[in-house]
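Open the model in your viewer and keep the selection panel at hand. The stops below are meant to be taken in order.

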Amino acid sequence: MKKQLNLLLAIGLAAFVGCAEKTDLEKTLDTVNQQTIKDHVYFIASDEMRGRDTGSPEILKAADYLADQLKSYGAKPVPGADGYFQPVPFRKKTPATAGSFSYAGRNFNLNDDFLVVDGKSGSYEGEIVYLEYGLKEDYSSADVAGKLVFAKAGDGTTADRRAILRLSREKYDLARENGAIGLVEFYNSPATPWDRLGASFNRVNLTVDSFDNDKEIIPHLWLKDLDNSNQRFMRTRSIKRASLTIEGMTNELTKDKNILAMVEGTDPELKKEFVMFSAHYDHVGIGAPDAEGDSIYNGTRDNAIGTVTVLSGAENIAKYPMKRPALFVLFTGEEKGLLGSRYLADHPIIPNNEIVFCWNSDNGGYNDITISTIIGLERTTASQYIKDANLAMGLEAIDDPAGEQGLFDRSDNVSFARKGIPAPTYSLGFRAFDDEINKYYHKAGDNPNTVDYDYLEKFFKSYVLASRMIGNAAERPFWVEGDKYYETGKKLYGLGL
């Protein structure tokens, strides 16, 4: 009888222990394992994926694979999405093969004197309207319908090429919306040599742009004007008309898509406080061969590893939901200018003010396997959770050591930071952008067999543990007061208003 009683007590104790709630650390260790990480990375960064270039058949195969994984974990489609996808209307543009441009008896040559940023093949002629910088305020009293708009590039305050490109796109949209038949910008920034600009535009490019027919596409030129002589000529003379021809330029829509899935939270009071887990799954495709003749840019570090980091979070959270709901997003088009994330941020399926944290994962490489590098670590109130999670896995979390690279503004996190959402980026450990990073960054040698999977296991576990700590925290994360996005965040969430 005594033995039976002891046995029953032992069974009861075992049952009690088995029913006890696991800690976030135990839940993390239960799902994240090295072999699964390795299997995913080897598939996504395989030669068969041919570098996952945006607009390619291979990136669509990668998208299907990733959606299938999310579904297999038990993550659900997001209401309002197309299953596990958000179609992104990328327009693929082939470059002009020939063209001419002239006004007031002055003739300009394609590539030497002007570049075709956007447009379609055809001949154009129209009256000229000069609009200073061609920004919204410049249209207040201007009639540009059926006319060619001329304006300065940039806004007079920035020399940054990326900022000038963003402004240029805004100007193009404004010109189209106001009925112009074309836009010409005087380009006079010395920050980027003209030859480099030509290399950027004289290749197949993508833009986010849905169109019913190609009549909606208007020509957009950059006219070389490094000494401002073309501007002075135009502004000091009565120039009425300009003419343009473009040959060989084509436009078509791709079938690219963002991938989305969600897991509901366990706390009904927090059902509108989503933690978003994001990474881009595209890379740069096929390029110049290296010394070994390899021309497939597999993109293991950038960003198969980031993609699988999010998959690891999804597998864990689908099995062990957090108090807050989770949104998992894998972006296309990051390598083309953050296009997929910009599209979701501007066309949200979950309202932006219901996303309280964007936990992005992106990588260039690593040169220190004792750390994780978090771009923007100290910019949000979630920093201590991230540090503690790394410490638990034998790593140290450090902030961006390469501020000169502008990394915060070069990944998908910034698309949401600009909306006011706290958005750091979780990266492999690096202490500088040195030769070890550049050895693999956007190189054909960035293959799955070149990474340390013992380190990756620690890295993934620290990401998942930090995710759980943030998702279960009593206080929602936010920007640190004084951050450039602090006030934008307050406005987004209606805080202190």
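Predicted model: local features only at pLDDT ≥ 70, side-chain atom pairs only at ≥ 80, totals over all residues.

Stop 1: Select residues 24-31, helix α2, together with residues 300-319, helix α8. Their axes lie 9 Å apart and the packing angle is about 120 degrees. That makes α2 oblique to α8, as the oblique class takes in angles between 115 and 145 degrees. The crossing of the two helices is right-handed.

**Stop 2: the contact.** Show side chains for Lys27, Thr28, Asp30 and Thr31 in α2, which meet Glu315, Asn316 and Lys319 in α8. Sorted by class, this contact of α2 with α8 holds 4 charged and 3 polar residues, and no nonpolar ones.

**Stop 3: the buried side of α2.** Which residues of α2 are buried? Select Lys27, Thr28 and Thr31. They share one side of α2, because the arc they cover around the axis is only 100 degrees. An α-helix has 3.6 residues a turn, so residues three or four places apart point the same way.

**Stop 4: a loop residue.** Move to Thr250, in the loop that joins β11 (241-247) to β12 (251-253). Is Thr250 buried or partly exposed? Its relative accessible area is 42%, so Thr250 is partly exposed. Setting aside neighbours within four places in sequence, select its contacts: Lys92, Lys93 and Thr94.

**Stop 5: a distance.** Draw a C-alpha to C-alpha line from Thr250 to Gln35; it spans 45 Å, and the two residues are 215 residues apart in sequence.

Technical notes. Residues numbered from 1 in each chain as written. Heavy atoms only, no water. Axes fitted to C-alpha atoms, helices over the stretch in contact; angles between N-to-C directions. Helix = DSSP H or I, 4+ residues; strand = E, 2+ residues; numbered from the N terminus. Parallel < 35°, antiparallel > 145°, perpendicular 65-115°, else oblique. Left-handed = near helix turned anticlockwise from the far one by under 90°. Contact = heavy atoms within 4.5 Å. Nonpolar A, V, L, I, M, F, W, Y, C, P; charged D, E, K, R; others polar. Buried < 20%, exposed > 50% of the residue type's maximum accessible area, 1.4 Å probe, protein only. Arc of directions from axis to C-beta.
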